[in-house]
Amino acid sequence: ANTITHLPEGFCLLTNLLSLYVGNNRLSSLPEEFGNLSHLNELDLSNNELTGLPESFVKCAALERLWLSKNRLKYLPSRIGWLSRLSELHVQDNELRYLPLSVQRLRLYTLTSNGNPFLSFWSKAAIRKMEYKVYESFPSLQELAARAIMKLPILPQKGVLPNSFLD
């Protein structure tokens, strides 16, 4: 078993690092400077003892694949949705009670989130469907607003709705 408990001082100076695999260790936290790893596109932190991620984490703008499974995460950074290139997010078997609202900005192809307390009220069948379903993206706020407007008896009039809705 690996026993890394922290990343060495100066580790976050490796700004050209593309991939990092430190799963199956005993990491309990990441340095606040972790966001300096701005070229990182693949990160495996699964099977550690992480309870949270630094807010600077969202500066890892090149991140495409992220494994955070089997930690003790209670929350994700509120701006995780700013990781615009993220296509895979694995957060199963943590202590997450919710996902930040910014997650809806992501265009995920894979999201695994079973084994968290926020899913405990869902049926097992719903969880299985979510595990295997491929997500292209969450609907935009504009699309959600358009769906709501279509269900309401609102007559499209100039000045009442944005012009993009009337096209």
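Q: What does the secondary structure of the protein chain come to?
A: The chain has three helices and five strands. Helices here are DSSP runs of H or I with at least four residues, strands are runs of E with at least two, and both are numbered from the N terminus. Along the sequence, the pattern reads β-β-β-β-β-α-α-α.

Q: How do you know which features of this predicted model to rely on?
A: The model is predicted, so local features need pLDDT of at least 70 and side-chain atom pairs count only at pLDDT 80 or more, while totals for chains, interfaces and linings use all residues. Residues are numbered from 1 along each chain as its sequence is written, and side-chain values use heavy atoms, with hydrogens and water left out.

Q: What makes the five strands an open sheet, and in which order do they stand?
A: Two strands pair if DSSP finds at least two bridges between them. The order is 1-2-3-4-5, with parallel pairing. Strand 1 and strand 5 stand at the edges with a single partner strand each, so one side of each has no neighbour in the sheet. From one strand to the next, the twist averages 5 degrees; such angles run from 0 to 180 degrees between the N-to-C directions of axes, which are lines fitted to C-alpha atoms (for helices, over the stretch in contact).

Q: How do you know that strand 2 and strand 3 are joined?
A: Three bridges join strand 2 to strand 3, and pairing requires at least two, so the pair qualifies. These two strands run parallel. E42 stands opposite R65 in strand 3.

Q: Why is H90 called buried?
A: Its relative accessible area is 10%. Buried means under 20%, exposed means over 50%, and partly exposed lies in between (1.4 Å probe, protein chains only), so H90 falls in the buried class. H90 lies in strand 4, residues 88-90. In the protein chain as a whole, buried residues make up 39% of the 167 residues.

Q: What makes the link between the side chains of T112 and H90 a polar contact?
A: The distance is 2.8 Å. A polar contact is a pair of N or O atoms within 3.5 Å; within protein, one must be able to donate a hydrogen and the other to accept it, and residues adjacent in sequence count only if both atoms are side-chain atoms. The value lies within that limit, so the link is counted. The side chains of H90 and E88 are also joined by a polar contact, of 3.0 Å. T112 is found in strand 5 and is itself buried, at 11% relative accessibility.

Q: Which residues is H90 in contact with, leaving aside its neighbours within four places in sequence?
A: They are L66, W67, L68, S69, T110 and T112. Contact means heavy atoms within 4.5 Å.

Q: How do you know that L96 is buried?
A: Its relative accessible area is 0%, so L96 counts as buried. L96 is found in the loop between strand 4 and strand 5. Beyond residues up to four places away in sequence, L96 touches residues including L73, Y75, V91, P117 and F118.

Q: Why is the aromatic pair of F34 and F57 called stacked?
A: The centres are 5.7 Å apart and the planes 10 degrees apart. Rings of Phe, Tyr and Trp (its six-membered ring) pair if their centres lie within 6.5 Å; planes under 30 degrees apart count as stacked, over 60 as edge-to-face and the rest as tilted. F34 lies in the loop between strand 1 and strand 2 and F57 in the loop between strand 2 and strand 3, so the pair ties together parts 23 residues apart in sequence. F34 and F57 are buried.

Q: What makes the phi of K70 stand out?
A: Phi of K70 is near 55 degrees, a positive value in a residue other than glycine. K70 is in the loop between strand 3 and strand 4, and at 45% relative accessibility K70 counts as partly exposed. D93 also has a positive phi, about 60 degrees, although it is not a glycine. D93 lies in the loop between strand 4 and strand 5 and is partly exposed at 34%.
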